[in-house]
Amino acid sequence: MEYINLGKTGLKVSRLSLGCMSYGVPPAGPLRPGSHAWALNEADSQPFFKQALDLGINFFDTANIYTVGSSEELLGRFLKANTKREDTVIATKLFNAMRDDPNAKGLSRKQIFFELDESLKRLGTDYVDLYQIHRWDYETPIEETMEALHDVVKSGKVRYIGASSMYSWQFAKALYTADLHGWTRFVSMQNHYNLLYREEEREMMGLCQAEDIGVIPWSPLARGRLARAWGSETTKRNDTDQFAKSIYTKTEDADKKVVDRLTELAEKRGVPQATLAIAWMLSKPYITAPIVGATKPNHLTDAAAALSVKLTPEEIASLEEPYIPHSVLGFS
């Protein structure tokens, strides 16, 4: 495993992060937002946590909304029993509603203080390494959000703060607001980025480079679409992931050309498609650590193998050539 500083901080993170959205036990009854039919229970998720540690991954990303808190609980219990707290980097997020209440959603001062304490209880730790806002809150002044985040850092409950998918002007405004008041600024951006969705290259990646922001993309394999030949296999996740259907089905003709190009190169190279897709991402100077989900043993080994694959400029150009502009996706 390789390690890299997260943005311009001194925090060292593995070049891959284990994304924990697929782990947890949904509450009884109809699935709530954040719960997924494909989620693995505690016994089934533990081998992937162990595999990540064995591969040298020290960076684990979850969120309060993932299986409505259960993901945090499973991750926290495993790490507490199997490794030292100081050896791991735990990232979690807040924004989405966790309960039925007018103040249950967003990034108000009240909500930030409450949800952080709830996440700490579930994770079984007294601090979070990276606390991230899951989305932009249009109903709360950014000044209120940034001051509250600054205060939880100063309290010792949070080491660093990060942001997730939003417009570049919003992220720039948040950074400016923090600088203007002398508050803690965001050190990372977790955004939607992969071979099938490269709109972040237009503005966000340049902003992150200029501001020394660590970039930790979600869905580096486009919900599995980059991991296999087009139309070759269906999975429970493919069949039930409504969010993926909402963001990838409108550009299928164009996306097929990208996947076909990736399949061709993978066969030529003799490596899994997932390995090549992540190797392409790691070739970008602005990428810190893609967030990789895993529900089969080969998912993490294929991702880790990407660290040893170096693509030529010609191969990179070939993979990128079929791409066409997409509508902005993943900000809500």
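My entries on the strands and the salt bridges follow.

I note that this is a predicted model, in which local features need pLDDT of at least 70 and side-chain atom pairs count only at pLDDT 80 or more, while totals for chains, interfaces and linings use all residues. Residues are numbered from 1 along each chain as its sequence is written, and side-chain values use heavy atoms, with hydrogens and water left out.

I looked up the sheet: 8 strands form an open, parallel sheet in the order E9-E8-E7-E6-E5-E4-E3-E10. Strands E9 (214–215) and E10 (291–292) each have a single partner strand, so one side of each lacks a neighbour in the sheet. Here strands (E, at least two residues) and helices (H or I, at least four) are DSSP runs numbered from the N terminus, and two strands pair if DSSP finds at least two bridges between them.

I then searched for salt bridges (a side-chain nitrogen of Lys or Arg within 4 Å of a carboxyl oxygen of Asp or Glu) and found 19 in the whole structure. Glu 42 pairs with Arg 77, with closest N and O atoms 2.9 Å apart; Glu 42 is in helix H1 and Arg 77 in helix H2, 35 residues apart.

I also checked Glu 211 and Arg 185, whose side chains meet at 3.0 Å, N to O. Arg 185 counts as buried at 15% relative accessibility, whereas Glu 211 is partly exposed at 27%; buried means under 20% relative accessible area, exposed over 50%, and partly exposed in between (1.4 Å probe, protein chains only).
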